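Here is a walk through the packing of one protein chain, written for someone who likes the cut-offs spelled out. Have the structure open while you read.

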Amino acid sequence: MTQPQKMGPSEALVETLAANGVSHVFGIVGSAFMDALDIFPAAGIKFVPVAHEQGAIHMADGYARASGRHGVCIAQNGPGVTNFVTGVAAAYWAHSPVVFITPETGSMTMGLGGFQETEQLPIFSKITKYQGHVNNPRRMAEIAARCFDRAMLEMGPTQLNIPRDYFYGEFETGIPQPMRIAHGAGDAAAIAEAAQLLAAASFPVIVAGGGVIMSGATAEAIELADTLGAAVCTSYLHNDSFPASHALWAGPLGYQGSKAAMKLIARADVVLALGTRLGPFGTLPQYGLDYWPKQAKIIQIDSDPRMLGLVRPISVGIHGDARAAAGALLAQLRTLKLAGAASRAERGQRIAAEKSDWEAELKGWTHERDPYSLEVAANSRHMHPREMLRALEASLPQNAMVSTDIGNICSVANSYLRFERPRSMFAAMSFGNCGYAFPVICGAKVAAPERPAFAYVGDGAWGISFNELLTCAREKLGVTVIVFNNSQWGAEKKNHVDFYQRRYQGVNLENPSWAAVARAFGCQGVTVERLADIGPAIAAATAAQAEGRTTVLEMMVTQELGDPFRRDALSKPVRHLAKYQKFV
Ligand SMILES: Cc1ncc(C[n+]2csc(CCOP(=O)(O)OP(=O)(O)O)c2C)c(N)n1
Ligand SMILES: [Mg+2]
C-alpha cells in the first residue's frame with residue numbers, strides 16, 4: 001500500500017490502474033466516467049476508442065490473451081454496459097483476465113427508472129470470477145485493486161461496478177500493491193501418486209491445455225514429453241500449447257483436429273492432462289473415432305479445483321499451477337525407473353507413423369467428398385476451402401498470431417493451424433460466439449504490435465464484427481482479416497443439409513464486395529480468387545501491418561462444407577401434427 005494521501009475517487013481508480021501496469025483501456029466515451037478518463041493520459045494510459053462496446057471487451061480479451069496481463073475496458077452505464085455481455089461470457093470461457101469497468105446509474109437515483117438505468121450486477125453474475133461494487137467512494141482503490149488481483153488469481157473476467165456519483169469527492173487513501181498469489185504445484189501426495197503412475201506407464205500421452213500457456217509451462221511440457229517419450233496432444237483450440245515442430249507433437253484433439261492425436265491418445269494407458277479442464281466439447285468423438293481412452297488412468301492438473309474430474313473420470317487430481325506441478329512431477333520422475341523406457345523407440349516410431357499418415361491424408365483431402373459438397377463445388381470457379389486453408393498455412397509468417405471465429409471453415413482450419421510458441425492462437429473458445437475473432441486480434445495486436453496478426457472469419461460472422469474496421473483505420477491498427485466468402489452461414493447450413501432435407505432458412509447470404517467495404521472504411525481490401533494469389537496477398541498484407549494498415553482479404557471459396565459442429569446435439573425431426581408431416 002502506498003502512503004495515504006488526499007485524492008479523489010477518479011484519481012484513486014486511475015492510480016490503481018497504473019499500479020497494475022494498465023497501458024490501454026478499450027471503450028466508447030461516456031459522461032459517466034469522464035472525470036477519470038480526463039486523467040488517463042497523465043497516468044500513461046491510452047484510451048482506445050472503438051466502434052461498439054462488444055468490440056471493446058473482445059479487444060480487452062485479445063490483449064490479455066496475447067500479453068498475459070490484464071485487458072481492461074470501460075463503458076457508459078446502461079446500454080454501453082449491456083453491450084459488454086457477450087464479450088464477458090466469451091472471456092469467461094477463454095479464461096481471460098479481463099477487468100471490465102461498469103459505471104452505474106448514480107446512487108441517489110438508482111431504482112427510480114431514470115436514464116440509462118439497469119441493475120448491472122445480476123446481468124454478469126454467472127460470467128464473472130468476481131464482481132466488485134464500490135459501495136462507498138472511499139473504497140475505490142481497495143475494490144478496484146481486488147478486481148485486478150482476482151482476475152489473475154482465477155484467470156477470468158472481473159467486474160468493477162461504480163455508481164457514477166462515486167467518481168467525485170475527496171479523501172485520504174493509499175493504493176494497494178498488486179497481489180499476485182502463486183498456486184503452487186499442488187498436493188505432494190497427489191504429485192507422488194501421479195509420478196508413480198507415469199513411471200509405470202507403457203504408453204503415456206500428454207494433453208497440453210490452456211493452463212500450459214497461461215502458466216508459461218511450455219519448457220516443462222517439452223521436458224516432460226522428452227522424459228517420458230510421450231506423444232503430446234494439444235487440447236481443443238489451444239494449438240499453441242506445444243511447439244508443432246517437436247517430434248512428439250501429435251496435433252490438436254477435438255472438432256476438426258488431428259487424427260494422429262486421436263489415434264495416439266486412444267492407445268494410452270496413462271494420460272497426463274496438463275492444465276486442461278478437458279471441456280466436454282473438446283473430447284467428443286470426431287471422424288467416427290471415439291478416441292477418449294476410457295480404460296486409461298487419467299491424471300488431471302488444473303488451477304481451478306472445480307474442474308478436476310468434472311467432465312471425465314480421473315485417477316489423480318492435482319489442484320495446482322501447470323508449470324509448478326510439471327516441475328514437481330519432473331523432479332520425481334528423474335528419481336524413478338520408467339517402465340516405458342524399453343518401448344520408447346517403438347512408441348517414437350508409432351508417433352511418427354501416425355503423424356505421417358495424417359499428413360498424407362490431409363494432403364490428399366483437397367476438398368470435401370459428401371454429395372452436397374460435390375454438387376455445389378462441381379460448377380464453381382472458386383477455391384476449395386481446404387486447399388485455401390493449406391495455402392494460408394504455408395503463407396503465414398513465422399511468429400504470426402491467429403484468431404479464429406465460429407463457422408465451418410474456421411473450424412476446418414483447426415487442422416491447418418500450427419504454432420511454435422504460446423500466445424499465438426486466439427480461437428473463440430467454448431462460448432462460441434460468431435464475431436469474436438476480428439476484435440480479439442485487434443486487442444492482441446495492441447498488446448504485441450511487433451507480431452503479425454491475422455483473423456480468420458466467415459462471411460456471416462464478418463457481418464457481425466466488421467464495424468471495428470473503423471477502429472483499425474482511426475487508430476492505425478494494422479491487422480489482416482481473412483474473410484471466407486462462401487455466401488452462406490455455412491456451419492448452420494450444414495445442419496439443414498444433414499438433418500432437414502436441405503430446407504434452407506436464413507442461411508444464404510447476399511454479400512456486398514467485402515473488399516470494397518474495407519476500402520470504404522479506409523482500410524485495404526483485396527478479393528482473392530486463386531490459390532496462387534494467396535501467398536503474395538498475405539505477404540503484402542503483412543507488410544502493410546507494419547505501417548499500421550489493416551487489410552481485408554476476401555477469399556472466394558466454394559460452398560462445400562466439412563463435418564458439422566453438433567452431430568452430438570441434433571436429431572432427425574419427428575412431427576406429430578398433420579400440417580407438419582412433410583417436415584421430416
Ligand atoms: C453470435 C452467434 N450467432 C449465431 C451463432 C450460430 N452459428 C454458429 S456457426 C454459424 C455460421 C457461421 O457462418 P460464417 O461465419 O459465414 O462461416 P461459415 O460457416 O460459412 O464458414 C452460426 C450462425 C453463433 N455461434 N454465434
Ligand atoms: Mg460463410
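## Helices α7 and α11

Helix α7 (residues 188–200) and helix α11 (residues 322–333) have axes that come within 9 Å and cross at roughly 55 degrees. That angle makes α7 oblique to α11. Helices here are DSSP runs of H or I with at least four residues, strands are E runs of at least two, and both are numbered from the N terminus. Axes are lines fitted to C-alpha atoms, for helices over the stretch in contact, with angles from 0 to 180 degrees between N-to-C directions. Under 35 degrees counts as roughly parallel, over 145 as roughly antiparallel, 65 to 115 as roughly perpendicular, and the rest as oblique.

On the α7 side, Ile 191, Ala 192, Ala 194, Ala 195, Leu 198 and Ala 199 meet Ala 325, Ala 328, Leu 329, Gln 332 and Leu 333 of α11, contact being heavy atoms within 4.5 Å. By class, that's 10 nonpolar residues, 1 polar and no charged. Nonpolar covers Ala, Val, Leu, Ile, Met, Phe, Trp, Tyr, Cys and Pro; charged covers Asp, Glu, Lys and Arg; the others, Gly among them, are polar.

## About the model

This is a predicted model, with local features needing pLDDT of at least 70 and side-chain atom pairs counting only at pLDDT 80 or more, while totals for chains, interfaces and linings use all residues. Residues are numbered from 1 along each chain as its sequence is written, chains are lettered from A and ligands numbered from 1 in the order written, and side-chain values use heavy atoms, leaving out hydrogens and water.

## Helices α14 and α21

Another pair to look at is helix α14 (residues 385–395) and helix α21 (residues 534–546), whose axes come within 9 Å and cross at roughly 45 degrees. So α14 is oblique to α21, and α14 passes α21 in a right-handed crossing. Met 388, Ala 391, Leu 392 and Ser 395 of α14 make the contact with Ile 534, Gly 535 and Ile 538 of α21. Those residues split into 5 nonpolar, 2 polar and no charged.

## The nonpolar cores

The largest nonpolar core has 150 residues, and Phe 26, Leu 389, Tyr 456, Phe 484 and Met 555 have the most contacts inside it. Helix α16 (residues 437–447) brings the largest share of this core, 8 residues. A core is a set of buried Ala, Val, Leu, Ile, Met, Phe, Trp, Tyr and Cys residues joined through side-chain atoms within 4.5 Å. Buried means under 20% relative accessible area, exposed over 50%, and partly exposed in between (1.4 Å probe, protein chains only).

Leaving aside neighbours within four places in sequence, Phe 26 is in contact with residues including Phe 47, Met 59, Tyr 63, Gly 443 and Val 446.

Helix α19 (residues 490–499) is mostly covered, with 8 of its 10 residues buried. What covers them includes α13 (371–378) and α15 (408–412). Just after α19, Gln 501 takes a positive phi of about 50 degrees.

Not counting residues up to four places away in sequence, Lys 494 touches Asp 370, Leu 561, Gly 562, Asp 563 and Pro 564.

Notes:
A crossing is left-handed if the near helix is turned anticlockwise from the far one by less than a right angle, and right-handed if clockwise.
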